[in-house]
Amino acid sequence: MKMNVSNKNSLAPLYAATSVIVRFGTGPLTILGVAAGLTAQEQGIFYVFLSLVALQWVLELGVSTNLVQYLSAASNDNDKQAAVKLATLYYFIVAVILVVALLSLVNLVIVDVDSSQWYPQWVLLVLLAPFNLLSTLLLSVKEGLGNWGRSYFIKLISSFVYALTLILCLYSGLKLWSLSVALMMMIITTVVMCGFGLFKYVSNALRSGIGISRVLRETSTFQGKMMAVWLIGYFYWNAFILAASRVINIEFSGQLGMAMVVLTAFSMVGINIVQSQRALFTRLISDGAQIMLQRLLVKRVLLSVFIYFFGVSVVCIAMGLVKLELWSRFVEMGLLIELAAVRLMMMLYELMLLVGRSYGDEPFWVETLILYICFFLGVSMTMLYTSDVYLSARVGVLLHVIFIPLVFTRLVWFMKKNEKYKIMECE
């Protein structure tokens, strides 16, 4: 199967940036829908659901990133099919583990709430998670085979469908069922837009007699590092919500969850802008176009930071000027600013990791593991012993202030080393 490489790949960053408009437009409506359609207790459960179902991205263990990198660099079609086959088998195993894990873990996080009010909704959401992994596989294959513009266009449309469906469901009174309905619509949209041809390509790769041992051997080092980072990363990304739900109460966890979802939306737009061209980054590295790569990276990172600041500023201005009952379900502005500082640091660190991964490696995995562990322990222990979320946020900022300069220095050295290696290889 030969992908159409003329599908406006240059528009991939635009599609990622357009998601800013989607998030700006649908974000406030989603928040209002949560506040209007759910009680304070249901709001807490709603955001705990989101945090727990994120476990699918932990168990995904960065396989999609590895797959995109491998497909982008590979020239042999058999190698590409072997990589797709390996990824498909892995996702099938993960789907089984995911269902069992999610159904078991929820009772450790949601306590003192009648399970009849939320467990049926949780079961449906869990059963949909494996199909979401299928969507991820299809999009990764499309991106890795060269059509990253189309891949990010599909992501944009499916995200819009998800947000719109979620809003309509919340306002129509579906309450906690809303998440499952929205996820179902997003999966259907993604699969349909990817097309039967791509699904057939994946199916043929799975049924082929091509061995996967070579691909497994070539990608195992990179994948092993990413596995460690992904597993510990779950607690890093969800530290505040998980700690608040256990240490303080489910209602405050809901308030905190709403704030973190808004901040994460802005930061993920920035991250997606950089990530949307990871296949292009890999090709520039393979071609030895280091100067072009560096200029492109600087532009994309500056755009990402600008978008984040703009989004946070809009929310803060709205909280100060517009009096809404909604804000009683939200954290106060002072805490929002503290959390925004933490989320900015997390975004900057993630951008550095994305650059390193473009070289087919996870060069800072040891530093990252140390940061993730320290961050989770620092935030949760501070909250446990002081119940002061402000102090927890400051601990999070301090840890990033220590680690970001260290990793940035190593990133610069790593890029220069690879540039010299490429020059020697050409000679």
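Helices, as the word is used for this protein, are DSSP runs of H or I with at least four residues, numbered from the N terminus. One of them is helix α17, which covers residues 389-426 and holds A393. The structure is a predicted model, and it contains 17 helices and zero strands. Of the 427 residues in the protein, 56% are buried. When contacts between residues at least 6 apart in sequence are considered, 83% of them join residues that are at least 24 apart.

**Helix α5 against helix α6**

- Helix α5, made of residues 77-109, packs on helix α6, made of residues 119-144, at an angle of about 165 degrees, and the two axes lie 10 Å apart.
- Because angles over 145 degrees count as roughly antiparallel, α5 and α6 are described as roughly antiparallel to each other.
- The crossing in which α5 passes α6 is right-handed.
- On the α5 side, the residues that take part are V84, A87, T88, Y91, V94, A95, L98, V99, L102, L103 and V106, while α6 contributes Y119, W122, V123, V126, L127, A129, P130, L133, T136, L137 and V141.

**Helix α4 against helix α6**

- Helix α4, which spans residues 63-73, also has a described crossing with α6, where the axes come within 8 Å and cross at roughly 25 degrees.
- Since angles under 35 degrees count as roughly parallel, α4 is roughly parallel to α6.
- The crossing of α4 and α6 is right-handed.
- From α4 the contact involves S64, L67, V68, L71 and S72, and from α6 it involves T136, L137, S140, V141, E143 and G144.
- The residues of the contact of α4 with α6 divide into five nonpolar, five polar and one charged.

**Buried positions within helices**

- T190 belongs to helix α8, which runs over residues 178-194.
- With a relative accessible area of 3%, T190 is buried, because buried means a value under 20%.
- Setting aside residues up to four places away in sequence, T190 touches S135, L139, I154 and S158.
- A393, in helix α17, has a relative accessible area of 0% and is therefore buried.
- Apart from neighbours within four places in sequence, A393 is in contact with F240, E338, L339 and V342.
- A393 and A341 are separated by 52 residues in sequence, and their C-alpha atoms are 8.2 Å apart in space.

**An exposed phenylalanine**

- F306 sits in helix α14, which is formed by residues 290-321.
- Its relative accessible area of 54% makes F306 exposed, because exposed means over 50%.
- F306 and G270 are 36 residues apart in sequence, with a C-alpha to C-alpha distance of 8.6 Å.

**Loop residues with positive phi**

- As background, most residues other than glycine have a negative phi.
- K175 is a residue other than glycine with a positive phi, near 50 degrees.
- The position of K175 is in the loop between α7, residues 148-172, and α8, and its relative accessible area of 32% places K175 among partly exposed residues.
- S387, which is likewise not a glycine, has a positive phi of about 55 degrees.
- S387 lies in the loop between α16, residues 365-386, and α17, and at 47% relative accessibility S387 counts as partly exposed.

**Cysteines**

- When a disulfide is taken as a pair of cysteine sulfur atoms within 2.5 Å, the count for this protein comes to zero disulfides.
- C169 is buried, with a relative accessible area of 6%.
- C374 is partly exposed, with a relative accessible area of 32%.

Technical notes. Residues are numbered from 1 along each chain as its sequence is written. This is a predicted model: local features need pLDDT of at least 70, side-chain atom pairs count only at pLDDT 80 or more; totals for chains, interfaces and linings use all residues. Side-chain values use heavy atoms; hydrogens and water are left out. Buried means under 20% relative accessible area, exposed over 50%, partly exposed in between (1.4 Å probe, protein chains only). Axes are lines fitted to C-alpha atoms, for helices over the stretch in contact, and angles run from 0 to 180 degrees between N-to-C directions. Helices (H or I, at least four residues) and strands (E, at least two) are DSSP runs, numbered from the N terminus. Angles under 35 degrees count as roughly parallel, over 145 as roughly antiparallel, 65 to 115 as roughly perpendicular and the rest as oblique. A crossing is left-handed if the near helix is turned anticlockwise from the far one by less than a right angle, and right-handed if clockwise. Contact means heavy atoms within 4.5 Å. Ala, Val, Leu, Ile, Met, Phe, Trp, Tyr, Cys and Pro count as nonpolar, Asp, Glu, Lys and Arg as charged, and the others, Gly among them, as polar.
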